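Subject: The structure for you to look at

Hello,

Here is the structure I promised to pass on.

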There are 4 protein chains.
Amino acid sequence: MTTPSHENPGLAKLKARLTEVWQEILSESRFVRIIQQGEISKALYALYMIETYHYTRHNARNQALVAIRTGSDDRHYQKFCFKHAEEEIGHEQMALHDVVSMGAPQGFSIPPPLAATEVLTGYLYWISYQGNPLQRLGYSYWAESCYEYIRPLMARVQKTLGLTAAQMTFFVAHADIDEDHSALVNEMISKKCQTPEDWEDVARVMETSLRLTWRMMDEVVDAHARLLAGQSERGAFLQAL
Amino acid sequence: MTTPSHENPGLAKLKARLTEVWQEILSESRFVRIIQQGEISKALYALYMIETYHYTRHNARNQALVAIRTGSDDRHYQKFCFKHAEEEIGHEQMALHDVVSMGAPQGFSIPPPLAATEVLTGYLYWISYQGNPLQRLGYSYWAESCYEYIRPLMARVQKTLGLTAAQMTFFVAHADIDEDHSALVNEMISKKCQTPEDWEDVARVMETSLRLTWRMMDEVVDAHARLLAGQSERGAFLQAL
Amino acid sequence: MTTPSHENPGLAKLKARLTEVWQEILSESRFVRIIQQGEISKALYALYMIETYHYTRHNARNQALVAIRTGSDDRHYQKFCFKHAEEEIGHEQMALHDVVSMGAPQGFSIPPPLAATEVLTGYLYWISYQGNPLQRLGYSYWAESCYEYIRPLMARVQKTLGLTAAQMTFFVAHADIDEDHSALVNEMISKKCQTPEDWEDVARVMETSLRLTWRMMDEVVDAHARLLAGQSERGAFLQAL
Amino acid sequence: MTTPSHENPGLAKLKARLTEVWQEILSESRFVRIIQQGEISKALYALYMIETYHYTRHNARNQALVAIRTGSDDRHYQKFCFKHAEEEIGHEQMALHDVVSMGAPQGFSIPPPLAATEVLTGYLYWISYQGNPLQRLGYSYWAESCYEYIRPLMARVQKTLGLTAAQMTFFVAHADIDEDHSALVNEMISKKCQTPEDWEDVARVMETSLRLTWRMMDEVVDAHARLLAGQSERGAFLQAL
């Protein structure tokens, strides 16, 4: 169960800021609009899952990087980072599984990441490698609690594409796993953030990484449009889904 | 003198793609529009110079990082990277100098980088740390040749703010230094890019890093607006310029 | 329980090579001889525990580093690395605890590492950062199973100094923890080493890191001699133990 | 010309400590003794050149690493590091050239580094990556000035093996290049070392890296003995030289 955010005024403020960004995304993202209008195709969803694969496979690594940095040690936080890293291993495989479950050949040739995905990935390494070690919690904060905001979208995708839960393992499995993670992340933020700077660093990384994810989603829409228009061969095999 | 791009069809194509992105920026960037309309203030220009300071101080480092990576060695390219890194050392000081020359106190307290600047910086480290070692040339390609595109803007800033050349050292000095660098970068790209993938990697990093710079410029406009509206204290002392 | 080494001919060979190196150490190390002759002092033992603290506090970090490296992914091995890293967190505190339990003031000022300890630490990072990702298992292989070889020495130290088990937590706790770890490490080596090169890389790191530990132990003897001779002030407060 | 060490008492002390370590090496190293007794063979010298190749090819990289570390910036020192890194690029090729000049086939298959060489290499990265950024100057200090100590040995090798200067480019070229470098390194140490800790850090890295080089030389003797005894195939083709 998620720690109620009213327990900690810092968390409540963080939650409010997160909700604002999500509201912006839910009303302005082109990818979201396509889902809401029931116009998502299997190819578009697969392209999105492929980008999800690309950044997710770095999550365990950049999470662990936080704890590898030398300097003054917070052993409790280091333990959290390594434990969380361990749990994140292999989650990207669920994204690939879901693409295959829609009909892509097992072991299909994965297109390289889009530029927006590289930007997101690079940012996550950068904020893990330097700066306030606590700041990466801002990414975990929204990533582990996003189901609250995107559940209706996922339901819409499932209905539009006629998918079973077994074809959406990335989201279904995460929704369960992440409820526990989310409580842990909230607890860690509450305990470790001591100064206004700590809270601001966590909030900035939360907002920035979520906005970069938004850009990634919308760049998937552009990549799909180029594919439909015959301007690109990237992921062309997905049109057969 | 810049190597004429017609010498190499790959360079000509790269140049064409660069020109397209610049045209987008020159017609759509909010920061550019403010300059073009003669509405830039010293505070806004100083805020921009401060972000310039922030990402520029990492340029030598991420440039050298390319050559530190172990793996198959291209000694000629490694030498270029270290030499270029050496030359980039301290360029960020020109940005600070220019802020001081407009009236900011010597040794003023530098506000932390904006989120968009951190995103750009993180991206430059990421593409230097992994992937095709040649790809960072895409960043150098536009950075060293940007004066061709931004000279009119710089002239407009100078006129609007009544600045002397000695108050715009970052741009004036770079315009000279970079003409030589630009020829070297063009030569390196022509010699080292052997495959379509090499050219595409260079082009993608060129376009992505330039677009991230655009976002940084426009985020400076937002930061300035928040300052004017009294919603932020970040860089408040710059209002006295 | 340790997986019997006869199950796997590679492990049996590794074990034989390990036993040879230990026999060399047990008969040639000056530190070992001092223990065997019942001449160890609290100051000497404390100096040794302090070096143990210094390299142990990097173990979790260099262990995790193996799994952070990008490249072809072995998720099973990555999971092992992060899990093991998590478990190693804080073990260096036992070394400090044991020094305090002998009478050093709580929070005593820790002298910087000896050169030999820096050499060992640097080596462990280097073999974790590059080369065959499996090779760090060679370090774990001897580190987790060393009690078989050093138990008589530890008993001798305990007797000579009149220590309780609660004053030797670093070794007592590890002897228990590491029996499980050791079985896991053996299993991982058996499963992952596929080629003669894999086995040789593991064996080389095993032997080299153990020999560097030997040098560290003997350098502790030298540091102690300098302290007794009044040639150094490093750790002078330990003479009061 | 080397800056006379009497100009700076710190340098004079460093020089005295260096001379002591060299005297130990010149009287105790087994590799040195073999040279002095006129018993070096082409195979043994080639094995030594191959290890020289292995650690030398990392020198530019770990030198640049010092300047890449984020943190408080000393631009003058950063510039020195990058410039020096640039100059070090490709020096390892001289070692390979010299092996070929004695009769090894062009492009011969280079055996992997010995354990002692990996230990030296790992140490140089470690002291470049963390700790006092000035400390790597301790390595440069002895490496750039070693000709003063080893010139008689090199002359002896040349005579014993009947080599021309063109077959000993690694040492002949370095003896010239490094006289200038050495003056620069001395100047940098004199200017940058401000505290007793700075001097001690430089001295410790000087002594430790030189002692690790000594171990590497003597491990080459062991590798050669194994080759002669038919216990190893490593570098077997060198016996034909």
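This is a predicted model: local features need pLDDT of at least 70, side-chain atom pairs count only at pLDDT 80 or more; totals for chains, interfaces and linings use all residues.

On the residue level, 24 residues of chain A are in contact with 24 residues of chain C. What does the rule find across this interface in the way of salt bridges? The count is zero salt bridges between chain A and chain C. Polar contacts are found there, however: six residue pairs, with both residues at pLDDT 80 or more.

If you want to see which parts of chain A are involved, look at helix H4 (59-68), helix H5 (75-88) and helix H6 (92-101) of chain A, the elements that each give two or more residues to the side touching chain C. H5(A) gives the most to that side, with seven residues. Sorted by class, the side of chain A that touches chain C holds nine nonpolar, six polar and nine charged residues.

The two chains are also related by symmetry. A rotation of 180° with 0.0 Å of shift along its axis places chain A on chain C, with an RMSD of 0.0 Å. To find that axis on your screen, go to A:Phe82: in chain A, its C-alpha is the nearest to the axis, at 2.8 Å. The copies meet through the same surface, because 100% of the interface residues of chain A are also interface residues in chain C.

**The contact of chain A and chain B**

Now to the other partner of chain A that I looked at. Here the contact takes 13 residues from chain A and 13 residues from chain B. The area buried between chain A and chain B is about 1,300 Å², with 67% of it on carbon and sulfur atoms.

Across the interface of chain A and chain B, the rule finds two salt bridges. The count of residue pairs in polar contact between chain A and chain B is also given as two, both residues being at pLDDT 80 or more.

As for the elements, H7 and helix H11 (196-228) of chain A each supply at least two residues of the side that touches chain B. The largest share comes from H7(A), with eight residues. By class, the side of chain A that touches chain B has six nonpolar, four polar and three charged residues.

Chain A can be laid on chain B as well, by a turn of 180° and a shift of 0.0 Å along the axis, with an RMSD of 0.0 Å. That is the relation of a two-fold axis. Both copies use the same surface, as 100% of the contact residues of chain A recur in chain B. A:Gly122 is the residue of chain A that comes closest to this rotation axis, with its C-alpha at 2.7 Å.

**Aromatic pairs and salt bridges**

Over all chains, a search of the whole structure finds 48 aromatic pairs. One of them is formed by A:Tyr125 and B:Trp126, which are stacked at 4.4 Å centre to centre, with 15° between the planes. This pair crosses between chains, from helix H7 (residues 115-129) of chain A to helix H7 (residues 115-129) of chain B.

Which chain does chain A not touch? That is chain D, and the nearest C-alpha atoms of chain A and chain D are 8 Å apart. Chain B and chain C do not touch either, and their nearest C-alpha atoms are 8 Å apart.

Happy viewing, and do write back with any thoughts.

Best wishes

Terms used:
Residues are numbered from 1 along each chain as its sequence is written. Chains are lettered from A and ligands numbered from 1 in the order in which they are written. Side-chain values use heavy atoms; hydrogens and water are left out. Copies are superposed by least squares on the C-alpha atoms of residues with pLDDT of at least 70 in both. Contact means heavy atoms within 4.5 Å. A salt bridge is a side-chain nitrogen of Lys or Arg within 4 Å of a carboxyl oxygen of Asp or Glu. A polar contact is a pair of N or O atoms within 3.5 Å; within protein, one must be able to donate a hydrogen and the other to accept it, and residues adjacent in sequence count only if both atoms are side-chain atoms. Helices (H or I, at least four residues) and strands (E, at least two) are DSSP runs, numbered from the N terminus. Ala, Val, Leu, Ile, Met, Phe, Trp, Tyr, Cys and Pro count as nonpolar, Asp, Glu, Lys and Arg as charged, and the others, Gly among them, as polar. Rings of Phe, Tyr and Trp (its six-membered ring) pair if their centres lie within 6.5 Å; planes under 30 degrees apart count as stacked, over 60 as edge-to-face and the rest as tilted. Buried area is the accessible area (1.4 Å probe) that two parts lose on being put together, summed over both.
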